[in-house]
Amino acid sequence: MEEEKGALLQSLIDAVNQIASIGDYRCTVKKEYCNLARRLKLLTPMFEEIRESKEQIPEETVKALVSLREALVSVKELLRFGSEGSKIYLVLEREQIMHKFHEVTTQLEQALSGISYENLDISDEVKEQVELVLAQFRRAKVRVDAHDVELYEDLLSIYNKSNDAAADPDVLRRLAKKLQLSGISELMQESLALHEMVSASGGDPEETFEKMSNLLKEIKDFVQTENPKLNAHTIEKNLPPGGSGQATTDINHKTLVIPDDFRCPISLELMKDPVIVSTGQTYERSCIEKWLEQGHGTCPKTQQKLSSTVLTPNYVLRSLIAQWCEANGIEPPKRPSSSRPSKTTSACTPAERTKIQILLCKLTSSNPEDQRMAAGEIRLLAKRNADNRVAIAEAGAIPLLVSLLSTPDSRTQEHAVTALLNLSICEENKGSIISSGAVPGIVQVLKKGSMEARENSAATLFSLSVVDENKVTIGASGAIPPLVTLLSEGTQRGKKDAATALFNLCIYQGNKGKAVRAGVVPTLMRLLTEPGGGMVDEAMAILAVLASHPEGKSAIGAADAVPVLVDVIGSGSPRNRENAAAVLVHLCAGDQQHLAEAQELGVMGPLVDLAQNGTDRGKRKAAQLLERMSRFIEQQKLAQAQADAQSHLSQSQTQQPQPQSVANPVDS
């Protein structure tokens, strides 16, 4: 019992020390978070005196201290985000952030109120100090400090503006100043913070993250326009000898300019295996590995010191590059086998590794509460950074987390699958997760878990499926039917997670039939026509993948898709118009019924517009359809002409006077 008391109090002291070490909070939450951290530091003397006391702790106080430990875990997550998180997000979602702040404050106040101070062997000075902290927490629950309304409204005006509208330079100037985003280092850190949020969500940026990234780009472009020499010297250093800064490729006898974001800043070539370094900058893996092997410890483009040499695959960018290649008729770049990363090691300190080992011991505990707490803590650690993800896997956490996927405790199950999701962001961990037999357990959680656990299971399957061979394994495990179910009945986030996983899995031809047989096409058609459903992009992308499969083509045709496709070609976004045209190309191949239906619905006008103003791929698909439509119309005209000629011939033969026969004279 004495050992358990000592361990509990030491964990409280460690938690407070970790909170105290965070610091350097974003300006928008600095006052509240500094006050919270300062108040918690005042609790350390109480924990130390209780630990040194020889007296028994009352049972209700033990329960209160356990609750306090759980509350401190939530506080750590909140304060760390306030120190490392996106400045833009903290302003735009201030209401949500403050709601979470008041939630943890309430947790702390309730836990401290449950302690029987009069039955504890602690000094009067410490009691008075704790009572003061408790009173401050009670006041903090009801007090709401005024926030910077101008900053919020300025951000909102840029966030909500249309893509083609010009931003007010005065607004951008105020934002750069108030958010402290006036230098390259600050802008890169904000970019990294946004990327971490995307990575933690499964690698698929939601509309909110995309709009925040666009907002950051507006600020960055403004800052660089105002200070044109801000980063010129760093860019010049990275140009190869004779490099002009323009990268092109010759496709179909025309010069195609590769977007800057798709080119490695070192080689200026289209990236095959983009990876992110600790500053948030992306490079071609082979190029940055050579740079590091030469003994450099800085980011080539920003010249910032690298806090870690871990290279995180940029799956979002790799997917965008593949889409761009397909749209422009280029073979997507293959990752060279030699670019498989050598085994990375974590930069975690011995103390951090010891903490991870303690958590792993608790994962195997017979106490469900210890398992739940440890799985939740590992989930947070794995979310935080790449070094943690490597260290947790090295310590042997993956098989233990896989075993918890079958636990009857829904919260522990949710923590376990989400921890696996966060660990899977590290490429090396993907293989370990697959080889540990995680997929059947993840599929079971996808079928039977809580809604959040199902969402994170879908996101985990997406993350694992970026490795081609895993697409086969996941498809064979029975994952596709429950993904289709989640796509149909899940929350908005659940639908998006399911759609992303299904899209990736269906890139493998063998999974397309499974998805069709699971009933995905009717679900996609419903999502396409749902008012305000917000799933049109995802539904159209999956349909475009399935349409190349015979079963997919048949199911789409049977779902009365042509009117919807014609509508999207006429009024959809550029990418959706392109995908709708691609689906229609497959449907109309050898099927004049669909061609006739599309023609009757007035597709010719939208196709002409798409052929002139669409994306490059959209133009090609529109041209194919127009050619088929023209041939079909010519065939119709020819058939009609032949029918008319035949009819005219028949009428002529009917109307032509018959020669009269001469009767033989008959004798009267």
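**Entry 1: Met-451**

Does Met-451 count as buried, partly exposed or exposed? I found a relative accessibility of 28%, so Met-451 counts as partly exposed. A reminder to myself before going on: this is a predicted model. I placed Met-451 in helix H22. Next I looked for its partners beyond four places in sequence, and Met-451 touches Leu-486, Glu-489, Gly-490 and Thr-491. For one of these, Leu-486, I also noted the spacing: 35 residues separate it from Met-451 in sequence, and the two C-alpha atoms are 9.1 Å apart in space.

**Entry 2: H22 against H23**

Staying with H22, which covers residues 451-465, I checked how it meets helix H23, residues 468-476. The two axes come within 7 Å and cross at roughly 140°. Angles over 145 degrees would count as roughly antiparallel, so H22 is oblique to H23. On the H22 side the contact is made by Leu-461, Leu-464 and Ser-465, and H23 brings Asn-470, Lys-471 and Ile-474. Sorted by class, I have 3 nonpolar, 2 polar and 1 charged residues in this contact.

**Entry 3: H16 against H17**

I then turned to another helix pair, H16 (residues 368-384) and H17 (residues 386-394). How do their axes lie? They come within 5 Å and cross at roughly 130°, and H16 and H17 are therefore oblique to each other. From H16 I listed Ile-378, Leu-381, Ala-382, Lys-383 and Arg-384, which meet Asn-388, Arg-389 and Ile-392 of H17. The class count here is 4 nonpolar, 1 polar and 3 charged residues.

Which strands form the open sheet, and in what order? I read off 3 strands as S4-S3-S5, with antiparallel pairing. Strand S4 (282-284) and strand S5 (312-313) are the edges, each pairing on one side only. Strand S3, residues 274-276, is joined to S5 by 2 bridges in the antiparallel sense. Val-275 stands opposite Pro-313 of S5. Helix H13, residues 285-293, packs on this sheet and touches S3, S4 and S5. I noted about 95° between the direction of H13 and that of S4.

Helix H19 has 14 residues, and I got 20 Å from its first C-alpha to its last, close to the 20 Å expected at 1.5 Å a residue. How many of its residues are buried? I found 12 of the 14, so H19 is largely enclosed by the rest of the structure. Among the buried ones are Glu-414, His-415, Thr-418 and Asn-422, along with Ala-416, Val-417 and Leu-420.

I picked out Gln-413, which sits in H19, residues 410-423. Its relative accessibility is 12%, and under 20% means buried, so Gln-413 counts as buried. Setting aside neighbours within four places in sequence, Gln-413 is in contact with Leu-404, Leu-405, Thr-407, Val-445 and Gly-449.

**Entry 4: H6**

Helix H6 runs over residues 94-113, which gives 20 residues. Its reach from first C-alpha to last is 28 Å, close to the 28 Å expected at 1.5 Å a residue. Its buried residues include Arg-94, His-102 and Glu-109, as well as Ile-97, Met-98, Phe-101 and Leu-108.

Where does Gln-180 sit? I found it in the loop between helix H9 (169-178) and helix H10 (184-200). With 45% relative accessibility, Gln-180 counts as partly exposed.

Asp-560 also went into my notes, with phi near 55°, again positive in a residue other than glycine. Asp-560 lies in the loop between helix H29 (550-558) and helix H30 (562-571). At a relative accessible area of 48%, Asp-560 is partly exposed.

**Entry 5: the chain overall**

Last, I stepped back to the whole chain. I counted 34 helices and 5 strands. Of the 668 residues, 49% are buried. Among contacts with a separation of 6 or more, 72% come from residues 24 or more positions apart.

Notes
Residues are numbered from 1 along each chain as its sequence is written. This is a predicted model: local features need pLDDT of at least 70, side-chain atom pairs count only at pLDDT 80 or more; totals for chains, interfaces and linings use all residues. Side-chain values use heavy atoms; hydrogens and water are left out. Axes are lines fitted to C-alpha atoms, for helices over the stretch in contact, and angles run from 0 to 180 degrees between N-to-C directions. Helices (H or I, at least four residues) and strands (E, at least two) are DSSP runs, numbered from the N terminus. Angles under 35 degrees count as roughly parallel, over 145 as roughly antiparallel, 65 to 115 as roughly perpendicular and the rest as oblique. Contact means heavy atoms within 4.5 Å. Ala, Val, Leu, Ile, Met, Phe, Trp, Tyr, Cys and Pro count as nonpolar, Asp, Glu, Lys and Arg as charged, and the others, Gly among them, as polar. Two strands pair if DSSP finds at least two bridges between them. The expected span of a helix is 1.5 Å times one less than its number of residues. Buried means under 20% relative accessible area, exposed over 50%, partly exposed in between (1.4 Å probe, protein chains only).
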